Amino acid sequence: MSLHLSIAERLTRARGDLRMGVPVILCGPMGAALVASVEALDAGRLADLRGFGPPVLAITARRAETLKARAYDGDLARILPPATADLGWLRSVADPADDLRAPMKGPLTSAREGAADLHRAALALAKAAHLLPAALVVPVGDALRLAAEHGLTLLVLDEIAPALAALPPLDEVVSARVPLVASEAGRVHVFRPDDGGDEHYAIEIGRPDRSRPVLARLHSACFTGDVLGSLKCDCGPQLRAALAQMGEEGAGVLLYLNQEGRGIGLANKMRAYSLQDQGFDTVEANHRLGFEDDERDFRIGAEILRKMGFSSVRLLTNNPRKIAMMEACGLHVVERVPLKVGETAENRAYLATKAAKSGHLL
Ligand SMILES: Nc1nc2c(ncn2[C@@H]2O[C@H](COP(=O)(O)OP(=O)(O)OP(=O)(O)O)[C@@H](O)[C@H]2O)c(=O)[nH]1
Ligand SMILES: [Zn+2]
């Protein structure tokens, strides 16, 4: 009998570990390292990690650019913290909250020699855990023994690389009738990925003909806009207008994808909002945090639509990336249906930035 954990299971466990401030072990062809999230680490764990050797601080090239640090590895920088660097120092490199108040963290020294593959994987894991993309990486010798001795999760790069890049299989768990203001013929379907990740929902209005293009919307979760009625974005009005149009036409599918904050999670989105209050726009704020403009994986939407039996859509969107991704995933977009609602004095600049920098259609 074997209770061997799958790669997906170990990855999910690793995300949880990082969120708790527990280190995980990454093994690559060039060696192994203890890896921990800077955001979740406490002083005790930092001291423990230092006991294994000098740590390297991995940050994305986006964050490095703000900090004027050299990113010799292309998409990331390996910062060598001074021996005196405490948790406060590490956090101030990871978190841009105080960049303007205390701009000088450095000069920061970046490593140039050696491989960066463990550091790259560490950052991918931190992003997947919706933490700030900053990780401490401490090279270690006997990874297997260390993992067994301390009960740490061990991941092998060659194994996790395809799993991190692939879309985890996703299946419908349940669906039930939910009469809505927009249509009494509403049905909510819950889809669950097999890697323990976030569930996503499909709201089916009426009984759309599977052999014809369906009126569809890929809506990314926005707690502030959808639930609280935030004036900073147009998400709430877009959500309701899309459902209303589906109700009027008698059929449609709205996917409610749990990709809060364009895939960076609510805590990071609130960090971005604080930066926006300091004068940065929505794209600059993401970059200063170390993220790309948009970290969402739109393949999920295509996969859910396919699972529901649809192969072509009339897509409610102003975002050409969504159309391109649907087409790339083999879902035919026969028509783009514009969705322009909810402009306010508060979100005008945000919408203008999306048009100017992210290619949104006006
Ligand atoms: N990181 C970040 N995310 C934001 C900000 N404002 C809104 N969001 C998120 O942006 C996403 C908006 O999603 P959508 O409306 O589906 O996407 P879109 O790219 O605007 O495309 P369409 O509305 O289809 O034209 C939601 O996940 C929001 O939580 C922001 O300032 N920063
Ligand atoms: Zn929003």
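Two residues are in contact here if their C-beta atoms, placed from the backbone, lie within 7 Å. By that rule, Ile7, Ala8 and Leu11 in helix α1 meet Glu159, Ile160 and Ala163 in helix α7. The structure is a predicted model, in which local features need pLDDT of at least 70, side-chain atom pairs count only at pLDDT 80 or more, and totals for chains, interfaces and linings use all residues. Residues are numbered from 1 along each chain as its sequence is written, while chains are lettered from A and ligands numbered from 1 in the order in which they are written.

Helices (H or I, at least four residues) and strands (E, at least two) are DSSP runs, numbered from the N terminus. Helix α1 covers residues 7–20 and helix α7 residues 157–165; the two pack with their axes 10 Å apart, at an angle of about 85° (axes are lines fitted to C-alpha atoms, for helices over the stretch in contact, and angles run from 0 to 180 degrees between N-to-C directions). That makes α1 roughly perpendicular to α7, a term used for 65 to 115 degrees.

The domain assignment, automatic or from a database, gives domain 1 (7–163) and domain 2 (170–259 + 296–357). Their C-alpha centres lie 35 Å apart.

Turning to the ligand, 21 residues lie around ligand 1, and Ser220, Cys222, Thr317, Asn318 and Asn319 come nearest (a residue is near a molecule if its C-beta atom, placed from the backbone, lies within 6 Å of it). Among the elements that each supply at least two residues of this shell are β10 (214–220) and α9 (235–249), but α10 gives the most, with 3 residues.

Notes:
Parallel < 35°, antiparallel > 145°, perpendicular 65-115°, else oblique.
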